[in-house]
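Have a look at the screen while I talk, and stop me whenever you like.

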Amino acid sequence: MGIVGTDVSKEAANLILTDDNFATIVSAVEEGRRIYDNILKAIQFLISSNIGEVITLFVAIMFTPLIARWFGLTDIAHLVPLLPIHILWINLVTDSLPALALAVEPAAKDIMNRKPIKASSGIFTKGLTFRVSYQGLWIGFATLVAFCLGLTTQNVSQEEKIQIGQTMAFLTLGLIELVHVFNAKSNKLSLFKTGILNNIWLILASLGSAVLVFITMFIPALRNVFGLTLLSGEHIIELIVLIFSPIVIVELMKLFKLNGTKDE
């Protein structure tokens, strides 16, 4: 006991209750579990997002000649879905705020009903590895689809086609991750059961990051620096479908209990 306990007992103790209340132990355990859960959520979000970026660039580079042949392009040297400045902007600016906001995610309702985690258990369980893999693959796939849809634009030059494709890939990757961060709120329960609005900091972080993405589009000077261009209404509809696709995929995985949670 921190208040009534003797100095000798405090020195010999492994645990000191500063308020002499045994209920504090329960609160401390709950807080520790919440922090651990939120660390895993941030890891899942960041790694799956980065896998998506790697998949996008790897596939595009490996199959550049094939993509050029499909869309009748000869400018292979510039046929890349993302420019270095796009990747830097997404990693350093867009992703950082939502990842930090996950740290203050409220505790799950069943957090104290779970079995204790073994001290020897690693962070990268089979479930976490599976989730970051399939979610990262989907993010990469959606970004590549956006790039290819941009290349299908008619009645424009090759240079304009590539620029439209890069714009769609950049917007898709930047915004799809801001949507995907809400999938990390729970690996078992549907997003609509956990509560979309129960973490105001996550809402603000996602909106703030989205604003930063749109700033690069709607300020002409920045648009030129990033090599972007304005899109048609048809391409905007395609973007909206791709951006919200991770919600559908992860919700289906949760519905059919395929989200890799058996080992956790």
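So, which residues of H9 are buried? They are Leu202, Ile203, Ala205, Ser206, Ser209, Ala210, Val213, Thr216 and Met217. By buried I mean under 20% relative accessible area; exposed is over 50%, and partly exposed is in between, with a 1.4 Å probe and protein chains only. Before I go on: this is a predicted model, so local features need pLDDT of at least 70 and side-chain atom pairs count only at pLDDT 80 or more, while totals for chains, interfaces and linings use all residues. Residues are numbered from 1 along each chain as its sequence is written, and side-chain values use heavy atoms, with hydrogens and water left out.

Back to H9. What covers those buried residues includes helix H4 (84-94), helix H5 (96-101), helix H7 (158-180) and helix H10 (220-226). The helices are DSSP runs, H or I, of at least four residues, and strands are E runs of at least two, numbered from the N terminus. H9 itself covers residues 200-218, so 19 residues, and its first and last C-alphas are 26 Å apart, close to the 27 Å expected at 1.5 Å a residue. That expected span is 1.5 Å times one less than the number of residues. At the start of H9, Asn199 has a side-chain oxygen within 3.2 Å of the backbone nitrogen of Trp201.

Now for the charges. Side chains of opposite charge can pair when their charged atoms come close. How many salt bridges does the structure hold? Five, where a salt bridge is a side-chain nitrogen of Lys or Arg within 4 Å of a carboxyl oxygen of Asp or Glu.

One of them pairs Arg34 with Glu31, with the closest N and O atoms 2.8 Å apart. Those two sit three residues apart in helix H2 (residues 23-62), which means they are separated by about one helical turn. As a reminder, an α-helix has 3.6 residues a turn, so residues three or four places apart point the same way. Arg34 counts as buried at 17% relative accessibility, and Glu31 is partly exposed at 36%.

Another salt bridge joins Arg114 and Asp37, 2.6 Å from N to O. This pair links distant parts of the chain: Arg114 is in the loop between H5 and helix H6 (126-151), Asp37 is in helix H2, and they are 77 residues apart. Asp37 is buried, at 14% relative accessibility, whereas Arg114 is partly exposed, at 34%. Arg114 also bridges to Asp110, where the closest N and O atoms are 3.7 Å apart, and Asp110 is partly exposed at 37%. Put together, Asp37, Asp110 and Arg114 form a network of salt bridges.

Zooming out, the protein chain has 12 helices and zero strands. Its radius of gyration is 23 Å, well over the 18 Å that the globule rule gives for 264 residues, so the chain is more spread out than a compact globule. That radius is taken over C-alpha atoms, and the rule is 2.2 Å times the number of residues to the power 0.38. Along its principal axes, the C-alpha trace spans about 85 × 40 × 30 Å. Buried residues make up 42% of the 264.

That's my bit; over to you.

Note on methods:
Contact means heavy atoms within 4.5 Å. A polar contact is a pair of N or O atoms within 3.5 Å; within protein, one must be able to donate a hydrogen and the other to accept it, and residues adjacent in sequence count only if both atoms are side-chain atoms.
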